[in-house]
6 protein chains.
Amino acid sequence: MPKTNSQHAKPVRASKAVLSGLMMPQDANPMGKVFGGSILKLIDNVAFVAAARHAGTSNCVTISMDKIDFKQPIEIGELVILEAKLHFTGRSSIVVGVNVYTENLDTGHRRQTNSCLVTFVAVDDKGKPREVPRLRPETEEEKQIYHQAEIRYQNRKNKIVRSRLPSGE
Amino acid sequence: MPKTNSQHAKPVRASKAVLSGLMMPQDANPMGKVFGGSILKLIDNVAFVAAARHAGTSNCVTISMDKIDFKQPIEIGELVILEAKLHFTGRSSIVVGVNVYTENLDTGHRRQTNSCLVTFVAVDDKGKPREVPRLRPETEEEKQIYHQAEIRYQNRKNKIVRSRLPSGE
Amino acid sequence: MPKTNSQHAKPVRASKAVLSGLMMPQDANPMGKVFGGSILKLIDNVAFVAAARHAGTSNCVTISMDKIDFKQPIEIGELVILEAKLHFTGRSSIVVGVNVYTENLDTGHRRQTNSCLVTFVAVDDKGKPREVPRLRPETEEEKQIYHQAEIRYQNRKNKIVRSRLPSGE
Amino acid sequence: MPKTNSQHAKPVRASKAVLSGLMMPQDANPMGKVFGGSILKLIDNVAFVAAARHAGTSNCVTISMDKIDFKQPIEIGELVILEAKLHFTGRSSIVVGVNVYTENLDTGHRRQTNSCLVTFVAVDDKGKPREVPRLRPETEEEKQIYHQAEIRYQNRKNKIVRSRLPSGE
Amino acid sequence: MPKTNSQHAKPVRASKAVLSGLMMPQDANPMGKVFGGSILKLIDNVAFVAAARHAGTSNCVTISMDKIDFKQPIEIGELVILEAKLHFTGRSSIVVGVNVYTENLDTGHRRQTNSCLVTFVAVDDKGKPREVPRLRPETEEEKQIYHQAEIRYQNRKNKIVRSRLPSGE
Amino acid sequence: MPKTNSQHAKPVRASKAVLSGLMMPQDANPMGKVFGGSILKLIDNVAFVAAARHAGTSNCVTISMDKIDFKQPIEIGELVILEAKLHFTGRSSIVVGVNVYTENLDTGHRRQTNSCLVTFVAVDDKGKPREVPRLRPETEEEKQIYHQAEIRYQNRKNKIVRSRLPSGE
């Protein structure tokens, strides 16, 4: 639990990250629909920036990405906007929530197409988990999100006692 | 259920796909660990090939990707091998299982790093779901996988009756 | 002056755009310093998003980019953050200001490395200039920026009467 | 000749490699026909994987690629499948045969479009040729291919005695 | 023979093409040696430009690339310069010779690393071979090269009478 | 002034650089017009080659790029040709002029689309400015260009005495 974390806590807003990209021909299959994989790469990128900012190191590795739905196909020429913010931190793990929006530049129409949770672990130069600053949720929404993520995190941890997860986690 | 599907059934082996790629500097963060996003893009690619082969059309769009773990970091210079095979087909949806292996070309050491389920839906030129050939599992393992995927599929379908899923599904 | 523009005016905040990118090996020369050209490409990208949002069309073409200084080299592994906002609009031209910041993810240190003006013209399907919504500066700073850009724009226009600039300009 | 090679022989099947890629807009000229150069890059990639696997090192450099014909143009959206297997090994050189197939995902039609021989040499950290395991052909076809490659190899060697080829070859 | 070609002959110098590229991390294997495949892609590119210029159409497809040797490894950070000029034209085919030089920007040392012949065929919108302007060699060297290429071309044509070569060739 | 420069002077022709590239789908916005940013990246690339050749080191960093106009849109499928030559050298700075031409491969029509000045500074391993060879203009045109660049350079220097420019400049 992050209570004993000796580093200063950091608020959620301090590590928020935004990334936007125009969907180009190389992001789509030959029929012109954007590959899920292109979106996943952007999700991992923006989440990495938020995680690295919070951890104070770019030595952060993705350890899991939650189920993600792509019910609304994205077209070439649409702008994809990704917003990442931290949901929760463990001792060395960082849970980042990413919301994906698609904006049609011709109509201005903007819709949320996906959301996804990505978990990172901060490591030292030898690849061992290292402690990260505690996350300090400030708004009511941030506190709720933190609380829910903490419950999921504890449940998962109880289930996987003695599993192969990195020892610091 | 696929029973009423008028097209000929196709065996699992007919659409198996393999893709391999050498992890290059552009696939990694500045610390040299491969981005999860680079692997996710390859997973979506190989799964797409298997789905398109089975459906007999490249008009297949990713509709979901299951939770995926990246507990074992992959290094630049390692070979990533991805094997995709169909688990199950609905009326127009296709569930593809992907296994990801990493091979160190210097030591020959090969380890499974990830596995993931990707679901596609085949669409016609107007983007409406279109029927796909029924999947015919042949080996015992294929039948078990098919059966389990079918149960998950039915459960999810029952849960989301009246949801926003494409009507054909 | 845009006074006769029949379309509704849009505030500056409506088209602000942000883009961030991690500098990767392919963005740098073999010595590890990021190519100016990689930054220029990102500047053009983020400015395009702001211009297209304001114009309500992605049919916007870059017509000029102002002198830009790169006095502070950027390193691989640094995060580049680009913020674009409109300065001024003519009848069919859009002047976008871009500020470039570089953030060291390990130290959190952030510095402004560049700023640049990019001018676009919105065109119709035949490539002819088309009218764009008038820009409505709201804050004091936005008004000052608008005023200065307007003076520069009028001076340039007077100098180039009978030049080869698109007729609508 | 590989007879005196002290390392264990490896069978052909141990280093076989498969790579598949969907031809995307960036692989083609503006008319939509895939560039020969895009295929050549994939050929070199898959052959490299087979060579590195056999040599037990990724320190393998391409030293020649045989004449290759592209009589059948490949279209964007087609799947290219490349299969590489070793034909022959010299003391430090490795001859890899690559077969290229193109599959139309909409019709399932698959045709062989090219085949090519690529020769690598394994080197040590100083770039000097290093010995590679002997190749052990097992099937009748593999033995014939090996035998023919050996004749070509000896002919070439006789012709170029005292030439600038790396001394170990 | 091109004698009956109704279009005006064009001199060799009219279609000469030069391309240069700095070898970047993404062009090399993890050991830092440039992939043969990266050079082959550049060779096909520069030869295409020369062929398209002569043919007066970018509707040119690569039909073969001759054996190429890579005896001198190229390093990341080196500049690769490719020079393409036409050797010979048939009725619709174009033979382009490419010389590849590598320049070390720190020492200024420049060496020829490869040379290669690439053959294109110009096609019309239906993909059928179309006539190209006759090549007019002007210097002694150009005439010799033309003559030798013509002999090779005739020999190959005699050998493959009734083969699957496009009828116009 | 370069008079006291101890290194041998080098003529303009010794460092001239040419680069050509075919505009591909990934270089353009979804409407098919090439992004200004793609051209700027090529300009920086070709100018870097000329600067590095003259300086005798690839340790050259872009410090500024002059205002550039893009009045003539470039289409996908057009060939862009960039020619770079030195205009002037200071003690450690190098001013490179780049002319950009666009060639339509189908019509052979070639037009100058842009020109731009890029300034580099050569640095040593610690990033400090290092002396570069003096430029020796030979033709009348080169001398005029040199003279004009020198005046601009002196004016700018006088204006920015005590500014934050690297001390050696």
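Trainee: Where does Thr102(A) sit in chain A?

Mentor: Thr102(A) is in strand β6, residues 93-103; strands here are DSSP runs of E with at least two residues, numbered from the N terminus. The model is predicted, so local features need pLDDT of at least 70 and side-chain atom pairs pLDDT 80 or more, while totals for chains, interfaces and linings use all residues. Residues are numbered from 1 along each chain as its sequence is written, chains are lettered from A and ligands numbered from 1 in the order written, and side-chain values use heavy atoms, without hydrogens and water.

Trainee: Why is Thr102(A) called buried?

Mentor: Buried means under 20% relative accessible area, exposed over 50%, and partly exposed in between (1.4 Å probe, protein chains only). Thr102(A) has 0% relative accessibility, so Thr102(A) counts as buried.

Trainee: What makes the pair Thr102(A) and Thr113(A) a polar contact?

Mentor: The term requires a pair of N or O atoms within 3.5 Å; within protein, one must be able to donate a hydrogen and the other to accept it, and residues adjacent in sequence count only if both atoms are side-chain atoms. The side chains of Thr102(A) and Thr113(A) are joined at 3.1 Å.

Trainee: Why is the pair Glu103(A) and Arg110(A) called a salt bridge?

Mentor: A salt bridge needs a side-chain nitrogen of Lys or Arg within 4 Å of a carboxyl oxygen of Asp or Glu. The closest N and O atoms of Glu103(A) and Arg110(A) are 3.8 Å apart, and the pair forms a salt bridge. Glu103(A), at 6% relative accessibility, is buried, whereas Arg110(A), at 39%, is partly exposed.

Trainee: What makes Arg111(F) and Glu78(F) a link between parts of chain F?

Mentor: Their side chains meet in a salt bridge of 3.1 Å, N to O. Arg111(F) lies in strand β7 (residues 110-122) and Glu78(F) in the loop between β4 (68-69) and β5 (79-89), so the pair ties together parts 33 residues apart in sequence. Both residues are buried.

Trainee: How many salt bridges are there between chain A and chain F?

Mentor: The count is zero. The two chains bury about 420 Å² between them, 80% of it on carbon and sulfur atoms; buried area is the accessible area (1.4 Å probe) that two parts lose on being put together, summed over both.

Notes: Helices (H or I, at least four residues) and strands (E, at least two) are DSSP runs, numbered from the N terminus.
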